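The sequence and structure come first.

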Amino acid sequence: MDYPGNLFVVAAPSGAGKSSLVKALLELDSRVQPSVSHTTRPPRGQEKHGREYFFVSADEFDQMVLAGAFVEWAHVHGQRYGTSRKAIEERIAQGADVILEIDFQGALQIKRIFANAVLIFILPPSWEELRSRLERRGEDSPEVIEVRLKNAAVEMTQAREFDFVIINELFERALFDLKAIVHAQRLKFSAQRRARADTFKALNIS
Ligand SMILES: Nc1nc2c(ncn2[C@@H]2O[C@H](COP(=O)(O)OP(=O)(O)O)[C@@H](O)[C@H]2O)c(=O)[nH]1
Ligand SMILES: Nc1ncnc2c1ncn2[C@@H]1O[C@H](COP(=O)(O)OP(=O)(O)O)[C@@H](O)[C@H]1O
């Protein structure tokens, strides 16, 4: 299905910097709107219900799955996370650009449903730096950090399936790359739509 808005999907191993990059993009570009996912994981220190996530119980999550409320959902790091239809469909239909910060399983599901979605994978420059970012962030226990690092090895093998890979070494450089991808996609789609409208007119079809 062809929607007037663009869909961007950002995935990365935990600690690679995707939340920081997406947050910075949202501050710079008011045309991009975040999609707020539902999760069964408990909130971290500063997180607010409805801002970073909708924090729900396992039962509430099950009910949403049964009701078909998710376009995609997945088990990640021992918890469940899902993107609700409501979070994206209406908005891209109205012409907004929506950005999803989800894991690689969800990203690949989204690409099957929205063929025009742009998949972006963020990589850290090294394993040492990934570990030290998780430790410096100071939000997760040492056990949780170990699980995330272990899962990162599997997640990173999926980077090749994505349309773009950004290495987040210098933050400003990575942010520039992310902005460039968003702008390129907008130009591509507006040019395509214009060309199609012109051809439709020339052929006298609506
Ligand atoms: N499939 C899927 N993954 C999600 C969704 N929301 C978040 N995630 C992913 O779940 C993983 C864990 O997220 P989180 O607990 O916030 O930890 P963080 O990645 O360390 O910030 C990350 O890979 C997220 O991108 C979602 O709606 N669907
Ligand atoms: N390019 C960077 N250089 C150094 N630290 C970074 C960089 N990008 C992000 N960080 C820091 O690394 C930690 C993890 O980033 P975060 O955005 O929470 O990652 P993710 O959402 O991928 O789990 C945070 O403390 C963040 O401030």
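## Terms and model

A residue is called buried if 20 or more other C-beta atoms lie within 10 Å of its own, exposed if 12 or fewer do, and partly exposed in between, with C-beta atoms placed from the backbone. Helices (H or I, at least four residues) and strands (E, at least two) are DSSP runs, numbered from the N terminus.

This is a predicted model, in which local features need pLDDT of at least 70 and side-chain atom pairs count only at pLDDT 80 or more, while totals for chains, interfaces and linings use all residues. Residues are numbered from 1 along each chain as its sequence is written, and chains are lettered from A and ligands numbered from 1 in the order in which they are written.

## Strand β7

In β7 (residues 97-101), five of five residues are buried. Asp97, Ile99 and Glu101 point one way, and Val98 and Leu100 the other. In a regular strand, side chains alternate between the two faces of the sheet.

Strands pair if DSSP finds at least two bridges between them. β1 (residues 7-11) pairs with β7 in the parallel sense over four bridges, with Phe8 bridged to Ile99. β2 (residues 32-34) is also parallel to β7, over three bridges; here Gln33 stands opposite Val98.

## Ligand shells

A residue is near a ligand if its C-beta atom, placed from the backbone, lies within 6 Å of it. Ligand 1 is surrounded by 18 residues, the closest being Ser14, Ser37, Tyr81, Ile102 and Gly106. Two or more residues each come from β5 (70-76), β6 (79-84) and α4 (104-113).

Around ligand 2 there are 13 residues, of which Gly17, Ser19, Ser20, Arg133 and Phe171 come nearest. Helices α1 (18-28) and α5 (127-137) each give two or more residues to this shell.
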